[in-house]
Structure formats: C-alpha cells, structure tokens
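Colleague: Please pick one part of this model and look at it closely. Then set it against the rest of the chain.

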Amino acid sequence: MQQGQTPAGVKIEAFPEKTMIFGLFRKKNNNQAIVDRQYAALTAAARMPDLYERLNVPDTVMGRFEMVSIVMILFFRRTRASAVSGQEIAQEIVDAFFQDIDYSIRELGIGDNSVPKRMKKLAGMFYGRLEAYSKAMDAGDREALALALQRNVYPECPAPADMSGLAGWMMAAEAHLSAIPEEMIAGGAAKLPPVANSSVA
C-alpha cells in the first residue's frame with residue numbers, strides 16, 4: 001500500500017446519518033493488518049477479468065479507476081450500518097484508495113503543484129459516483145444504475161457500451177455483501193462475488 005496525501009474535507013453526503021470526512025480516522029496499529037487484508041481483497045475484485053471481458057468495462061487506466069471506485073462504493077454502502085469499528089475500517093480503506101491514487105499520479109511524473117488539483121477532481125468524481133449509484137441502488141432501479149454507469153464509464157461517448165450487466169453484478173454484489181456477518185467485516189474478510197451468468201442476462 002503506497003503512502004501519499006489523502007484529500008480532506010470531502011463529505012459523503014449520500015449517507016447523512018453516517019457522514020464522514022476523508023482523513024478523519026487515522027490508521028490505528030491494531031487495524032492495519034485488517035485494513036491491508038480487506039483493501040487487497042477489494043482491489044483484487046476490481047481486477048477480475050470477467051468485468052472487462054464480459055461486462056464491457058474498458059481495460060484502461062480510467063476503466064480500472066471506475067472499477068476500484070465501484071468496489072469501494074459497494075463496501076462503503078455495506079459498512080454504513082456497521083458498528084463503529086466497521087465504519088472506521090471502511091474509512092481507512094477509502095483513505096488507502098486515495099493514497100494509492102496520489103502515489104500513481106506522482107509516479108506518472110505529475111508536478112507536485114498539480115497533484116492537489118488532480119486529487120480534488122478525482123475525489124469529486126468518486127463522490128459523484130457514490131451519490132448517483134446509491135440513488136439508483138436504493139431505489140432498486142437497475143436501468144437507472146446502468147445509465148449512470150454509462151455516463152461515467154463512457155463519458156462523452158456517442159455510442160456507449162451496454163452497462164446493464166455491470167449494474168446487475170453490482171446489485172448482486174450488494175446482496176452478497178449484505179449477507180456477510182458483521183464479524184467478517186470487522187475482521188477484513190469480506191469478498192465480492194464473481195461475475196455470474198445472471199449478471200449478464
């Protein structure tokens with residue numbers, strides 16, 4: 001896990017009852033192994049080949065950003081009703097996500113003066129996706145979710161690929177995560193499901 005600067009002051013307003021701010025919780029020594037294990041499982045899920053080969057996610061830098069954002073959003077939605085420990089772990093995982101983005105931007109040779117501006121833009125993108133996807137998922141509206149995914153995964157594309165399969169997988173993944181016992185969340189053992197045939201129906 002790479003170290004960098006986590007954007008601060010971005011409220012997750014899609015969850016007003018559990019509003020948190022990026023960077024609010026600092027990593028605690030007793031949480032580090034749990035956070036590392038859960039973060040690795042989430043990022044591995046975002047790299048599942050079927051997402052790119054069957055669900056029309058472009059295998060590009062931005063396509064991978066979209067998928068990591070999606071799995072982070074799914075995990076964050078699961079932990080919004082968790083105990084304090086689960087919420088803290090989720091916040092630390094989101095912090096780690098932004099630390100990795102910060103590191104990646106710097107590795108690309110972006111000057112230090114430009115990094116904060118780019119990080120603010122990416123944080124805004126993540127917040128916008130969290131809000132849009134949550135609205136559709138809370139309503140159980142697969143079609144609205146697919147349209148939101150099209151707008152984000154294929155911005156300004158006159159003929160975006162069909163995102164209904166990815167929308168179906170996200171809803172199936174949310175149901176899967178909802179059934180995971182709280183002790184698995186607290187232990188960093190939650191995993192997302194594979195792409196099932198029903199996801200692309």
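Modeller: Start with a term: two residues are in contact when heavy atoms of theirs lie within 4.5 Å. This is a predicted model, so local features need pLDDT of at least 70 and side-chain atom pairs pLDDT 80 or more, while totals for chains, interfaces and linings use all residues. Residues are numbered from 1 along each chain as its sequence is written, and side-chain values use heavy atoms, without hydrogens or water.

My pick is Ser-82. Ser-82 sits in the loop between helix 3 (61-79) and helix 4 (84-107). Helices here are DSSP runs of H or I with at least four residues, strands are E runs of at least two, and both are numbered from the N terminus. Ser-82 touches Gln-87, Glu-182 and Ile-185, leaving out residues up to four places away in sequence.

Is Ser-82 buried or exposed? Its relative accessibility is 5%, so Ser-82 counts as buried. The cut-offs are under 20% relative accessible area for buried, over 50% for exposed and partly exposed in between, with a 1.4 Å probe and protein chains only.

One of the partners deserves a second look. The side chains of Ser-82 and Glu-182 are joined by a polar contact of 2.8 Å. Such a contact is a pair of N or O atoms within 3.5 Å; within protein, one must be able to donate a hydrogen and the other to accept it, and residues adjacent in sequence count only if both atoms are side-chain atoms.

Now move past helix 8 (182-186), to Lys-191 in the segment after it. Lys-191 has 59% relative accessibility, so it counts as exposed. Its contacts, beyond neighbours within four places in sequence, are His-176, Leu-177 and Ile-180.

Leu-177 is buried in helix 7, as are others including Leu-166, Trp-169 and Met-170.

Arg-129 is a charged-looking name to check next. Arg-129 lies in helix 5 (residues 115-138). At 8% relative accessibility, it counts as buried. Arg-129 is in contact with Glu-66, Ile-73, Ser-134 and Asn-152, apart from neighbours within four places in sequence.

Asn-152 takes us to helix 6, where Asn-152 is among the buried residues. Helix 6 (residues 142-153) has twelve residues, which should span 16 Å at 1.5 Å a residue, and its end C-alpha atoms are 16 Å apart, which agrees. The expected span is 1.5 Å times one less than the number of residues. At the start of helix 6, a side-chain oxygen of Asp-141 comes within 3.2 Å of the backbone nitrogen of Glu-143.

Last, the whole chain. The protein has eight helices and zero strands. Buried residues make up 47% of its 201 residues. Of the contacts between residues at least 6 apart in sequence, 69% join residues at least 24 apart.
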